[in-house]
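Please keep the sequence and the structure in view while reading.

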Amino acid sequence: MISVAVIGAGMAGRSHAAAYRQANTVFGRGLPPIRLATIADANLPLAEDAAERYGFENAVSSWETVAEDPSIDAVSIVVANSLHRPIAEALVTAGKHVLCEKPLAGSLADARAMVDLERDADVVTAVGYTYRRNPAIAAIREHVLGGDFGDLSLFHGRYWCDYACNPRSPFSWRYQGGMGTGALADIGAHVIDLGEYICGPIESVSGGALSVQVAKRPLPLGAVVGHDAAPVSDELGEVENEDTAAFSARFRSGLAASFSVSRTAFGLPNGLGFDVYGLSGRASFDLHRPAEYLLDDGQPRAGTGGARQVIAGPQLPYFRGGYPMQAPGVGGGNAEMFIYQARAFLDQIAGTADPVPPNATFVDALHTMEVIQAVVESAGAGGAPVRVG
Ligand SMILES: NC(=O)c1ccc[n+]([C@@H]2O[C@H](COP(=O)([O-])OP(=O)(O)OC[C@H]3O[C@@H](n4cnc5c(N)ncnc54)[C@H](O)[C@@H]3O)[C@@H](O)[C@H]2O)c1
């Protein structure tokens, strides 16, 4: 039996809670039973609602209660980034396995301390780079690593969202922290990780450019969940971090890349996408069509050009055993990615035979933050090249 808890019952916390409930329904039968123990949120009614919906035994208002509960083995940290470090330290010290949301921490110093924690810990430490679990993205990575596209020539990554377009949407923790802690950390972390997951480590960045489109936002009158609208006051809070960021990158392999991220890209609710090109093939992914990708591998009409649409089915990673209906074209999206991530975490804890690929580590996620820091430094130096790390 593995007893799990989730700290944070907001936008992403509920996805973690739902995922633990499903984790034993996918892939092999080797996992021990999962006990859905506790949901903690400072907003107790939110914790109570999530606990009831997803079948957890307890709802509590403080994360310390989870850290102090000897019956809990494994915990997801799904709260504001600046809280990740103190909570992770308390949990790991108490001997609990930790799945921490991205970005790893609210600052580089905190992220480095968490890597020290990971190095000295005797527990599983993992990071929620959920999109690694998308079957289409995992398939594109297999094409690249398998050499199907030949030598890579270009990567372009974007994460364009519109959640901050409305200047009346409430101020929240997402708008606090210095430059680099805004769109770059919130959504950029995902696409930077995917670039590195597919193409290897980024060595340097240049052309960093950061901008703020909405400088002040109204303070909320009550709780804010995720990007939701909420009643606001006439008082304004100063936005402390970037709405939009762009930069060029060079991977260790020599591959050139460009990235852009924005939380003020009108009309795009969740526009993660990327294109990867090689000398003999290419692929493109768009999260608004999460169960497919475009592939041009020169086959079977070599030389005629034009990509073909690959529709997710049992031929792709994660699909076989990952869906109740084992048939091509039945879709798949955000909820499944969280289930596979939770399953990987639990597999790591249980030492399951034939596990799904392990989650990213704190070390991986520190590297993402070092890329972000290099972008901030490049932006501060008029776009000059900056080495990562
Ligand atoms: N992997 C993904 O796809 C994904 C998606 C969204 C968010 N995230 C990450 O998840 C984390 C949370 O983001 P969110 O959008 O769910 O935030 P959110 O604001 O919707 O929810 C955070 C919750 O934390 C609670 N909270 C605040 N202080 C607390 C405390 N001291 N103890 C217990 N609970 C406390 C709040 O009441 C709130 O309900 C962030 O790190 C974010 O980057 C990841």
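## Ala67 and its surroundings

Not counting residues up to four places away in sequence, Ala67 touches Ala90, Leu91, Ala94 and Lys96. The model is a predicted one, and in it Ala67 belongs to helix α3, which covers residues 63-68. Ala67 is buried because its relative accessible area is 12%, and the cut-off for that class is under 20%. Ala113, which is 46 residues from Ala67 in sequence, is 19 Å from Ala67 in space when the distance is taken from C-alpha to C-alpha.

## The ligand site

The ligand sits in the largest pocket, where 25 residues surround the ligand, the closest being Asp41, Asn81, Lys102, Thr130 and Gly226.

| Residue | Protein atom | Ligand atom | Distance |
|---|---|---|---|
| Asp41 | polar side-chain atom | oxygen | 2.5 Å |
| Ala42 | backbone N or O atom | nitrogen | 3.1 Å |
| His190 | side-chain N or O atom | oxygen | 3.5 Å |

Of the 840 Å² that the ligand exposes when taken alone, the protein buries 86%.

Pro103 itself is found in the loop that runs between β5 (97-100) and α5 (108-120).

How many of the 11 residues of helix α6 are buried? Eight of them are, and the helix, which spans residues 135-145, is accordingly described as mostly covered. The buried residues are Pro135, Ala136, Ile137, Ala138, Ala139, Ile140, His143 and Val144. These buried residues pack against β7 (152-160), α7, β13 (271-278), β14 (282-286) and β15 (292-296). In an α-helix there are 3.6 residues a turn, so residues three or four places apart point the same way.

Both ends of α6 carry a local feature. At its start, a side-chain oxygen of Asn134 reaches to within 2.7 Å of the backbone nitrogen of Ala136, while just after the helix Gly147 takes a positive phi of about 80°.

Helix α7 (residues 183-199), one of the elements against which the buried residues of α6 pack, contains Asp193. Is this side of the account about a buried or an exposed residue, where Asp193 is concerned? Asp193 counts as buried because its relative accessibility is 3%. When its neighbours within four places in sequence are left aside, Asp193 is in contact with Tyr129 and Arg132.

## Loops and backbone angles

The loop between α1 (13-22) and β2 (34-40) holds Pro32, and Phe27 lies in the loop between α1 and β2 as well. Pro32 is partly exposed, with a relative accessible area of 22%, and Phe27 is likewise partly exposed, with a value of 23%. Phe27 has a positive phi of about 60° although it is not a glycine. Beyond residues up to four places away in sequence, Pro32 touches Met1, Ile2, Asn24 and Ala350. Pro32 and Gly313 are 281 residues apart in sequence, and their C-alpha atoms are 28 Å apart in space.

Another loop, between β16 (308-311) and α8 (334-350), contains Gly329, and Tyr318 is found in the loop between β16 and α8 too. Which of the classes, buried or exposed, applies to Tyr318? Tyr318 counts as buried, because its relative accessibility is 10%. The phi of Tyr318 is near 75°, a positive value in a residue other than glycine. Gly329, for its part, is in contact with Ile311 and Ala312 once its neighbours within four places in sequence are left aside. Gly329 and Gly195 are 134 residues apart in sequence and 26 Å apart in space, C-alpha to C-alpha.

How values were computed: Residues numbered from 1 in each chain as written. Predicted model: local features only at pLDDT ≥ 70, side-chain atom pairs only at ≥ 80, totals over all residues. Heavy atoms only, no water. Helix = DSSP H or I, 4+ residues; strand = E, 2+ residues; numbered from the N terminus. Buried < 20%, exposed > 50% of the residue type's maximum accessible area, 1.4 Å probe, protein only. Contact = heavy atoms within 4.5 Å. Near = heavy atom within 4 Å. Polar contact = N/O pair within 3.5 Å; in protein donor to acceptor, adjacent residues only side chain to side chain. Areas by Shrake-Rupley, 256 points an atom, 1.4 Å probe, with all protein chains shown as cover. 1 Å grid on protein atoms, 1.4 Å probe; cavity = no way out; pocket = protein on both sides within 12 Å on 5 of 7 lines; lining within 4 Å. Sits in = over half its atoms within 2 Å of the grid points.
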